[in-house]
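Me: Could you walk me through a two-chain model, one question at a time?

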Amino acid sequence: MEPIISIRNLSKTYASGLCALGNINLDIHQGEIFALLGPNGAGKTTLISIICGLVNSDAGTIRVDGHDVHADYRKVRSLIGLVPQELATATFESVWSTMNFSRGLFGKAPSPAYIEKVLRDLSLWDRRDSRIIALSGGMKRRVLIAKALVHEPQILFLDEPTAGVDVEQRRDMWEMVKKLRSEGVTIILTTHYIEEAEEMADRIAVINDGEIRVVEEKSVLMNKLGKKQLTLTLQHPLTHIPSELGEYSLEILEDGNVLVYTFDTQKEHTGISELLRQLGKLGIDFKDLHSSQSSLEDIFVNLVRK
Amino acid sequence: MNFYAIRAIYVFEMSRTWRTLMESIASPILTTSLYFIVFGAAIGSRMGDIDGIAYAAFIIPGLLMLSLLGESISNASFGIYFPKFSGTIYEVLSAPVSPLEVVIGYVGAAASKSMIIGALILLTARLFVDYQIMHPAWMVSFLLLTTITFSLFGFIIGLWADDFQKLQIIPMMVITPLTFLGGAFYSINMLPDFWQKVTLFNPVVYLISGLRWSFYGVADVNVGFSLAMILVFMLLCLALVWWIFKTGYRLKT
C-alpha cells in the first residue's frame, strides 16, 4: 500500500547556518500512530513544519496521499490538521468563533452540528462562549486540537501535544489520540517524552541532529535494540568473575554483592539456565534474582549518543 | 477559489472591529469631528474661500483622506501583524488558501472598515459644515481605490514589521506628514512655485486632489492623473505582496 506521507531526500539549513534536516527519507502509513522521538533541537518541528507548509525546504520532495505538497497544496493541506507546540490562540475570540474560523479557512461549509460534536468530544462544549484568554492551559491545548480537527482531516500532526499538560490530562489526550486512530485518522506526533511514544505509537522514528537514526515498529525496536538483564543478589560478595564464566556477559556491581548478566532477547537460547548451573557448580549462591528489559528511554539514549 | 476561507478571514477581522467599536470606529470619527470644529467652524469662519469653496467645506476631502489613509494602514497592518505576533499565523499558512485569498480576506476587511468610517465621517461633517458632492460615483470610486490601495500598503507593513514600533513608524513618520503637506488644508496653488513643484512628488497630493474634484469639481492636478497614480501605487503594492508570499519573506523561515 502506498504510504500516506512519503518524504524523499528532504533537507533544510536555516539562514543562520544551522542544518536542521539532512537528507531525510521517511514513509508514514495510513492509520498508524507514528512518533517522531528526539531531543530538543533534533529537527522534529522543522520536519512537520515543512510538511504543513510553515517552513520552506531546501531540497527534496514530500507527497501526501500521492499529492505533491507544493503543486497540490490545496489538496494536501485540506487533508492535514496541525496542533502546534506553542499555545498559539486568538486570545480575545470565543471558542465557538475560532472554531468557525478554522473550519472556513480549510474550505469547509459551516456546520454547527459538527463543531458541536468536536467540542463535546474534547469536553469544551460548556466553554463554547468563553473567550480563549479565560481558559486554562490544558483547555487551550484542547482548543488547538479541536481547531485542528474541525475540518475533518485524515492526518493529524501533534507537535509535543502534552507539553505542560498534567498527568490526568495527558492520559485523556492519549485516549483521544487512540480514539482518533480507531476512526481512521493517521497521527504523527513529535515528542521528547519517551513514555508518550511507548504508550501510543505503532512506529517510532528516532531523530537527532537532523538525521533519522532509526525507524521501526515499536515492539520490533524494543526487541531489536532492547537488552534484557538478569540481576542476581549474591549471598557472599565476589571479588572477580571466575574464569569458568568468561563466556557470559557478566558485570559485578555494588561491591561484589550484585551480579548482572546481560543477554540478547533475539537469540533463541538466553543462556540463563546454563549460567545458573555453572554458578551452582562454583558454589556461588544467590538470595534473589530478577530480570528486566531496557525501556524505550534506554534505547533512545543509546541511539542519540551514537 | 476557497470562498469559505475568504469569508472566514473577513468575518474574523470584522468581528474584531465590532468587538472594539469605541477604538475602531468612534475614535477616528471623534478625532475628525474635532478637526471640523476647530478648522471648520472656529477658524474656518475667519478664512477666505479657496477656489470659490468655503474653507470649512474645502478641507472635508483632505480630512477624509487623512483619516482613511491612517485607518486603512493601521487596520490592515494590525490584522496581519497580530497573528504573526501571537503565533496564530500558522493556521493561515497551513490552510489550503492561496495568497490572493488571504489578501482579499484581510485587505477586504480593512478596506470595508475604512469605508464605514469614511461614510460616518461624511455624515458627521454634515452636522458642522454644508458641503456638496458633485460626482458621487467618482467619490465612492476614489475612496474605494484609496482604501484598498492603502490597506494593501498596511498589509505589507504588517508583514514586514517584527515589532509594534515598526507597525506605527510608517503611518506616523511618513503618511501623516505627507497628508498634511499634500493639500489637506490648502490648495497647492497657494504655495510658491518651487514648493508647488516639490509637492508634486508627494503621492498623497493626487489622492486629495482627485477626491476634492469629486466633491467640488476643482482639482490641483488633472483628475485622470490622480486616478492613474492611485492605480500605479496599487499595482506596486500588489507586486510586493505577491513577492512576499512567493518568497515567504518574514512569513516562513
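Predicted model: local features only at pLDDT ≥ 70, side-chain atom pairs only at ≥ 80, totals over all residues.

Me: Thanks! Which helix of chain A gives the most to the side that touches chain B?

Reply: Two residues are in contact if their C-beta atoms, placed from the backbone, lie within 7 Å, and the contact between the chains takes 27 residues from chain A and 22 residues from chain B. The elements of chain A that give two or more residues to its side are helix 2 (73–79) and helix 3 (95–105); helices here are DSSP runs (H or I, at least four residues) and strands are E runs of at least two, numbered from the N terminus. With 5 residues, the top contributor on the side of chain A is helix 3.

Me: And how does that side of chain A divide by residue class?

Reply: Ala, Val, Leu, Ile, Met, Phe, Trp, Tyr, Cys and Pro count as nonpolar, Asp, Glu, Lys and Arg as charged, and the others, Gly among them, as polar. On that basis the side of chain A that touches chain B has 14 nonpolar, 9 polar and 4 charged residues.

Me: Are helix 6 and helix 9 of chain B roughly parallel or roughly antiparallel?

Reply: The axes of helix 6 (residues 136–160) and helix 9 (residues 203–216) of chain B come within 8 Å and cross at roughly 155 degrees. Axes are lines fitted to C-alpha atoms, for helices over the stretch in contact, with angles from 0 to 180 degrees between N-to-C directions. Angles under 35 degrees count as roughly parallel, over 145 as roughly antiparallel, 65 to 115 as roughly perpendicular and the rest as oblique. Helix 6 and helix 9 of chain B are therefore roughly antiparallel.

Me: Which residues of helix 9 of chain B make that contact?

Reply: From helix 6 of chain B come Trp138(B), Met139(B), Phe142(B) and Thr146(B). Across the contact, 6 residues are nonpolar, 3 are polar and none is charged. The partners on helix 9 of chain B are Leu207(B), Gly210(B), Leu211(B), Ser214(B) and Phe215(B).

Me: Is Ala219(B) buried or exposed?

Reply: Ala219(B) sits in the loop between helix 9 and helix 10 (223–247) of chain B. Leaving aside neighbours within four places in sequence, Ala219(B) touches Ser209(B), Gly210(B), Arg212(B) and Trp213(B). A residue is buried if 20 or more other C-beta atoms lie within 10 Å of its own, exposed if 12 or fewer, and partly exposed in between. Because 22 other C-beta atoms lie within 10 Å, Ala219(B) is buried.

Me: How far apart in space are Ile4(A) and Asp65(A)?

Reply: Ile4(A) is in the segment before strand 1 (5–13) of chain A and counts as buried, with 21 C-beta neighbours inside 10 Å. Its contacts beyond four places in sequence include Ile28(A), Val64(A), Asp65(A) and Thr186(A). Ile4(A) and Asp65(A) are 61 residues apart in sequence, yet their C-alpha to C-alpha distance is 4.5 Å.

Me: Finally, how far apart are the C-alpha centres of the two domains of chain A?

Reply: Domain bounds come from an automatic or database domain assignment, which gives domain 1 (5–223) and domain 2 (228–294) in chain A. The C-alpha centres of domain 1 and domain 2 of chain A are separated by 45 Å.

Note on methods: Residues numbered from 1 in each chain as written. Chains lettered and ligands numbered in written order.
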